[in-house]
Amino acid sequence: MQGQMMSMPLLTSSLLVHAERHHGDREIVSRRVEGDLHRMTYRDLAARSRRLAKALGRLGVHSPDRVATLAWNGHRHMELYYAVSGMGAVLHTINPRLHADQVVYIADHAEDQVLFFDLTFLPLVEAVASRVKTVRAFVAMTDRAHLPASKIPGLLCYEDLLDAESDHFDWPSFPEESAATLCYTSGTTGHPKGVLYSHRSTLLHTFAAALPDALNCSAADTILPVVPMFHVNAWGLPYVACMVGAKLVFPGPGLDGASLYDLFEAEGVTLSAGVPTVWQGLLGHVGNKGLKFSTMRRTIIGGSACPPAMIRAFELDHGVHVIHAWGMTELSPLGTVCSFKAQHAQWPVEQRLALQSKQGRAIFGVDMKVIDGEGRELPADSLVSGDLLVRGHWVVSRYFREEGKGPLMDGWFPTGDVARIDADGYMQITDRSKDVIKSGGEWIGSIDLENVAMAHPAVAMAACIAAKHPKWDERPLLVVSLKPGATLTKQELLAFYEGKIAKWWTPDDVIFVEEIPLGATGKMLKHKLRERFRDHVLPGV
Ligand code: ADP
C-alpha cells in the first residue's frame, strides 16, 4: 500500500521560493570586487535569479548543460547557484586558485558551455579562453560601467543580461535525482575528479546541515561563509541560509583578518565557517589589536584538523563556540560534526576542549565505520586507528564520466582518512592514509604531532611528514614556519613535546621554513614537502 501524502520533488529552486515567500525582507550583503558593499533581499535574489534563468535560456543553455563559475562569495554567485540548477542545468564551480592548465582540464572534462567570472579572474580567463574546447560564451559578473576592455571574443556583461529580461519565470519541475551542481576534488594526487550532486542529495544535505547538532542555523542568524562557494558549495551554507531565512554576508575577495573582522562587526555576524588557515589570520589580527567579537557566537571549522590551540583561543579568549566538522567533496561535504551530548554539559572545560578537537559524530544521513587492514570493522573505542568508510544520502557513488567500477567497496565509500571512533561515537581523524608515518611497523599520526607544535606560541604552521630511516623505515620530520618576529630553536620545540605524547613519537628533526606550501583550498601540501625533503638525512643516521 502506498502512502497518500503529496509527492514533490526535492529541488533547489524550492529553497529559493521558500526564502522569497517567508523571508523576503531578509538581507544579503556582499562586499564586491568593484569595491562597494552591495545590499539586497531574498525577494531581490529570487527575482534576479529568475531573470538570470531566462537569460541562460536565451544563451542556449538547456538541461543538463554545465555552466561554470570562477567567482568569490557574492550575491551574483548565489544567483547563479539558484538560476543554473533551478532551470535544470548543472552549476560547475571551478576553484580559481588552480593553475590555468588545471582549469582547462576541468572545464574540458565537464564540457562547460558558458563561463561566468568575477573581474579578479579576468587574466586567468584570458589565459584559458582560447584553450577551453566547449565554452561558447564568457560572462563577466559586473555591470557595463565596470566591464573591462578584453581580448575575449564576444565578452558578455552579467548585468546587461539581467536587464534584458523580465522576472516572470516559473521554475520547472523535474526528477529530484537530476544533477544540480558539479565540483571537482582538489586533485593533490592525480587528476581532479568530478563529484556530481543531485537536487535530492543537496536538499537532504541542507536539512541535515541546518539541524541544531550540526551547523545549528536559524532565522535569527547572520551567516558569513568564508569557505568559498567554489569549493563544495561553501559547505552547503547558500542552501541552508535560504532554508532557514538567515541573513547572509558575503566577503568577496577580502579574506584577510582585518577585512573579515570589520565585516563581522559591521553586519552583526553570528556564525561563520572556514578552514583553520583563514581563522589563523583572523585570530592574529584580533590578538594584535586587542579586539573582541561583539556578535559572533559560533564558528564552523573544518577542511583540515582544527588545532586544539585554535579551539582554546576562540572558546576561552573570545567566547566563540567552535563547531569542528569533517567532510569531503565526495560527501557534499558534511560527514561528522563535533557537538556535545547531554552528559558533556557536566564535563570540566579542559575535557570539553579535548573532545572538541575530535572531528565529531555522524549526522543522520551519513553512516560510518572504521576497518582494519583485513577489512574487519574495528570496535568502538578501539585504541588503534583504521580506514574510515562512509555511506549515505549525499555520498558519491561514482565520479563524473569515470568508467570502470567506481570507488565503492561493498557499498561503502573509502575516504582515504585514517581514524578511530570512541565509545560515544566521536570520530577522530589521525591522518590521511597517504600521510601516515610508519615507524617500525607502527603508525604515527601526523596530525597529533602538528597539533602539539601549533600550540607553541612561536609557531605559525607545522607539517609533519615521514622521513626515511634505515632502522625504522620512517620517522617523523617536523617542518615549521614561525610567526613574524618569533624565534625558536629545534631543541626548544622538541622539549615542548615532553609529556604531551608518547616519547617514541617525538619528531626526529625539525626544519624551519619561510612558508609551508598551501593548496587551492588552504590545506598544507605535504606531498610538496615530502618531495622537497626526500633526501633529508635525520640526525644520527
Ligand atoms: P581534497 O580531498 O580534494 O583535498 P576535500 O576538501 O574534499 O578536498 O578534502 C577532504 C579531506 O580533508 C578529508 O578527507 C580529510 O582528510 C580532510 N579534512 C576535512 N575536514 C577535516 C577535519 N576537520 N579534520 C581533519 N581533516 C579534515
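The legends below describe close-up views of a predicted model.

**View 1. Packing of helix H10 on helix H11.** Helix H10 spans residues 276-289 and helix H11 spans residues 308-318. Their axes lie 11 Å apart and form an angle of about 40 degrees. Because angles under 35 degrees count as roughly parallel and 65 to 115 as roughly perpendicular, H10 is described as oblique to H11. The crossing of H10 past H11 is left-handed.

**View 2. Residues at the contact of H10 with H11.** H10 contributes Pro276, Trp279, Gln280, Leu283 and Val286 to the contact. From H11 come Met310, Ala313, Phe314 and His318. Sorted by class, the contact of H10 with H11 has 7 nonpolar and 2 polar residues, with no charged residues.

**View 3. An open sheet of 4 strands.** The strands follow the order E17-E18-E19-E20, and their pairing is antiparallel.

**View 4. Pairing of strand E17 with strand E18.** Strand E18 comprises residues 386-392 and runs antiparallel to E17. The two strands are joined by 6 bridges. Val366 has Gly392 in E18 as its bridge partner.

**View 5. Helix H13 on the sheet.** Helix H13, residues 446-454, packs on the sheet and touches strand E19 (413-421) as well as E20. The direction of H13 makes about 95 degrees with that of E20.

Notes
Residues are numbered from 1 along each chain as its sequence is written. This is a predicted model: local features need pLDDT of at least 70, side-chain atom pairs count only at pLDDT 80 or more; totals for chains, interfaces and linings use all residues. Side-chain values use heavy atoms; hydrogens and water are left out. Axes are lines fitted to C-alpha atoms, for helices over the stretch in contact, and angles run from 0 to 180 degrees between N-to-C directions. Angles under 35 degrees count as roughly parallel, over 145 as roughly antiparallel, 65 to 115 as roughly perpendicular and the rest as oblique. A crossing is left-handed if the near helix is turned anticlockwise from the far one by less than a right angle, and right-handed if clockwise. Contact means heavy atoms within 4.5 Å. Ala, Val, Leu, Ile, Met, Phe, Trp, Tyr, Cys and Pro count as nonpolar, Asp, Glu, Lys and Arg as charged, and the others, Gly among them, as polar. Two strands pair if DSSP finds at least two bridges between them.
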